[in-house]
Amino acid sequence: TIIYISIFVAYAIKILVTWVWPRWIIVWLWIWYFVLWFITTFLMHPQDNKFSNITAKSIDVSCLFTSCMMIWAIAKRIIQYGVTINRYFVCWVILLIVVYSILSLIKTEKRWLILSWTLFWIALLCMYWPINAKHISLISQTKRLNNLLTVNDIELPLLTWSFENLTWNDADKLYYLFDELLDNYD
């Protein structure tokens, strides 16, 4: 966990210096850091001494730090590209990490109960809430598509030369939107 947190601190400094935002590999690193933190915390739990308690709390705080970085990164991507199904689930994973970290800092002796209830409620909301991943991402992507078409004065239905005045940048955005919509929705 110390190696992971060192990587994240270095990456945060890199972001602040270069303003190059994280890609998916960093999100996976954050998620695996949470899993590693979780395993480390529960392997230390039976020891219940001062060192293991301090270590568990410091890992909880470090997960809050990495969650702030994740929130920053996912917000930037949502602003740039809208909500997709994957980004929707990443937001729920971030919520899980934040809620679990805060609750485990408050009630260190109830970590198993906190984990089970947090996972239960987040899974319940994520799957059965009326605002599910497919619905939210479809609304976001169609809204981005409509805005792009409106900005470029392209009317529906599309005609043969509807896209002739698009810049390369807008054509790339349009391709991404059509690709996202055709791959994930009926």
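Is F89 buried, partly exposed or exposed? In this predicted model, where residues are numbered from 1 along each chain as its sequence is written, local features need pLDDT of at least 70, side-chain atom pairs count only at pLDDT 80 or more, and totals for chains, interfaces and linings use all residues. Side-chain values use heavy atoms, with hydrogens and water left out. F89 has a relative accessible area of 38% and is therefore partly exposed (buried means under 20%, exposed over 50%, partly exposed in between, with a 1.4 Å probe and protein chains only). Y88, by contrast, is buried, at 8%.

A search of the whole structure gives seven aromatic pairs. Rings of Phe, Tyr and Trp (its six-membered ring) pair if their centres lie within 6.5 Å; planes under 30 degrees apart count as stacked, over 60 as edge-to-face and the rest as tilted. Y88 and F89 form one of these pairs, with ring centres 5.6 Å apart and planes at 85 degrees, so the arrangement is edge-to-face. The pair formed by F120 and W121 is also edge-to-face, because its planes stand at 75 degrees, with the centres 5.3 Å apart. Both of its members are partly exposed: F120 has a relative accessibility of 42%, and W121 has a relative accessible area of 46%. Ring pairs also join W92 to Y88 and F89 in a cluster.

Y128 is exposed, at 62% relative accessibility, and is found in helix α5 (residues 111-128). Helices (H or I, at least four residues) are DSSP runs, numbered from the N terminus.

Helix α3 (residues 50-81) has 32 residues. From its first C-alpha to its last, α3 reaches 46 Å, close to the expected 46 Å (1.5 Å times one less than the number of residues). Just after α3, G82 adopts a positive phi of about 80 degrees.

Conventions:
Helix = DSSP H or I, 4+ residues; strand = E, 2+ residues; numbered from the N terminus.
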